[in-house]
Amino acid sequence: MTSSISDWFWNERFWLPENVTWEDMEHPPPGEEFPRVGHILYALPLAVGVFLLRLLFERLVAKPCAHILQIESGVHRQAQPNAVLERVYQSKTCPDARHLEGLSKQLDWDVRKIQRWFRIRRNQDKPSMQKKFCESMWRFTFYLGIFIYGIHHLWASPWMWDTRQCWHKFPLQPLSPEQYNHYVAELAFYWSLMFSQFIDIKRKDFIIMLVHHLATIILITFSYANNMLRAGTMVMCVHDASDIFLEAAKLANYAKYQRLCDGLFVVFSISFFIARLVIYPFWIVNSVLFESWEIAGPYQAWWLFNGLLLVLQVLHIIWFYLIARIAIKAVFKGKVSKDDRSDIDSSSDEEINSSCSKSPSQTLKPKDGTHTGMNGDSHDH
């Protein structure tokens with residue numbers, strides 16, 4: 001039964017071009033290696049290693065850096081113990097007016113006192129600035145390291161400059177150690193994000209980012225099995241390039257270097273535009289969509305991959321619109337507003353909301369004119 005399902009799922013007429021079989025992929029010429037699905041399984045134990053490395057990095061590197069920059073963990077005020085309110089809080093952290101009235105009658109408390117309790121209780125769950133700094137420093141370090149590794153390999157590769165070579169003899173193209181290392185490292189990182197998302201800073205888009213990480217893992221896995229590595233490594237490098245500046249801007253924000261934060265966010269906006277709205281569609285997607293059709297010909301999985309790449313491009317356009325709004329404010333108003341992208345901390349709203357009844361337009365205004373900043377993921381992606 002399991003074997004028949006596997007055979008159906010990995011139908012070579014779906015995943016491979018005409019006249020190419022999985023047997024061809026398993027028997028490369030002497031001295032060469034082709035990708036195999038089994039290779040990518042090493043990313044799972046490596047993901048645990050990446051997660052443990054992150055914990056060590058945050059403790060031994062990021063936290064001392066936070067202390068040097070005087071970013072303290074801070075201690076939040078504790079809410080008065082109350083079993084009834086705690087039970088409500090576990091199901092609904094921000095009860096509406098009707099619930100507040102009911103609780104007021106049940107406890108014989110003033111509504112404002114109950115609102116104050118919920119506000120203090122929410123603040124208890126807020127991550128400290130130091131925790132945010134450590135998380136962003138880990139991401140910044142990974143994105144920078146993997147981008148340098150990937151671009152170093154791609155710079156010397158002929159398909160970086162002539163994308164038609166991505167499809168010569170496709171999919172019977174040799175696997176290089178650099179390609180394998182790049183793919184496994186990226187996949188392990190995203191698997192570790194899947195694990196750590198449940199203990200990291202909770203964000204408003206938790207489900208969206210969970211789906212995003214899962215989709216990224218599926219794309220990386222299937223493009224490896226399909227030997228679309230040449231285009232795949234370029235896609236990963238293009239995405240990592242702009243994320244470096246986003247995480248750097250967050251670090252500057254947490255360290256309260258406002259002008260540096262604003263400048264880095266503007267650089268991030270420019271790099272995002274160049275990488276994801278110029279290089280990605282006109283260099284990479286153009287090659288996968290048109291050059292692969294001309295050289296290798298379309299096959300069933302070809303439609304799947306191209307459809308996902310085009311959906312990703314639509315997301316890039318939406319994200320850039322949100323990013324541009326923030327960057328324009330940074331240029332003309334001298335400060336970066338709250339990040340509207342996918343990685344906003346849900347807890348950050350408490351810094352600018354005194355109650356949950358305010359309108360959305362009010363929640364975007366910094367409290368007392370302070371910088372609410374870039375408090376969080378798109379992922380990512």
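A crossing of two helices is left-handed if the near helix is turned anticlockwise from the far one by less than a right angle, and right-handed if clockwise. By that rule α10 passes α12 in a left-handed crossing.

## Basis of the model

This is a predicted model, in which local features need pLDDT of at least 70 and side-chain atom pairs count only at pLDDT 80 or more, while totals for chains, interfaces and linings use all residues. Residues are numbered from 1 along each chain as its sequence is written, and side-chain values use heavy atoms, with hydrogens and water left out.

Helices (H or I, at least four residues) and strands (E, at least two) are DSSP runs, numbered from the N terminus. Two packed helices are described by the angle between their axes and the distance between the axes. The axes are lines fitted to C-alpha atoms, for helices over the stretch in contact, and angles run from 0 to 180 degrees between N-to-C directions. Angles under 35 degrees count as roughly parallel, over 145 as roughly antiparallel, 65 to 115 as roughly perpendicular and the rest as oblique.

## Helix α10 and helix α12

Helix α10 covers residues 177–196 and helix α12 residues 229–254; their axes come within 11 Å and cross at roughly 50°. The two helices are therefore oblique to each other.

Contact means heavy atoms within 4.5 Å. On the α10 side, Gln 179, His 182, Tyr 183 and Glu 186 take part, meeting residues of α12 that include Arg 230, Met 236 and Asp 240. Sorted by class, this contact has four nonpolar, four polar and three charged residues. Here Ala, Val, Leu, Ile, Met, Phe, Trp, Tyr, Cys and Pro count as nonpolar, Asp, Glu, Lys and Arg as charged, and the others, Gly among them, as polar.

With helix α11 (residues 206–225), the axis of α10 comes within 9 Å and crosses at roughly 155°, which makes the pair roughly antiparallel. The crossing of α10 past α11 is left-handed. Among the α10 residues in this contact are Tyr 180, Leu 187 and Trp 191, and among those of α11 are Leu 214, Ile 217 and Tyr 224. The contact has twelve nonpolar, four polar and one charged residues.

Helix α8 (residues 129–155) and α10 have axes that come within 10 Å and cross at roughly 160°. They are therefore roughly antiparallel, and their crossing is left-handed. From α8, the contact includes Trp 138, Phe 142 and Tyr 149; from α10, it includes Pro 177, Ala 185 and Phe 189. Its classes are nine nonpolar, five polar and three charged residues.

## Aromatic residues

The structure holds 29 aromatic pairs. Rings of Phe, Tyr and Trp (its six-membered ring) pair if their centres lie within 6.5 Å; planes under 30 degrees apart count as stacked, over 60 as edge-to-face and the rest as tilted. Trp 293 and Trp 303 form an edge-to-face pair, 5.9 Å centre to centre with 90° between the planes. Trp 293 is in helix α13 (residues 258–295) and Trp 303 in helix α14, ten residues apart.

One aromatic cluster is formed by Phe 9, Trp 10, Phe 14, Trp 15, Trp 22, Phe 222 and Phe 305.

## His 316 in helix α14

His 316 lies in helix α14 (residues 300–333). With a relative accessible area of 0%, His 316 is buried (buried means under 20%, exposed over 50%, partly exposed in between, with a 1.4 Å probe and protein chains only). Leaving aside neighbours within four places in sequence, His 316 is in contact with His 239, Phe 272, Arg 276, Leu 277 and Tyr 280.
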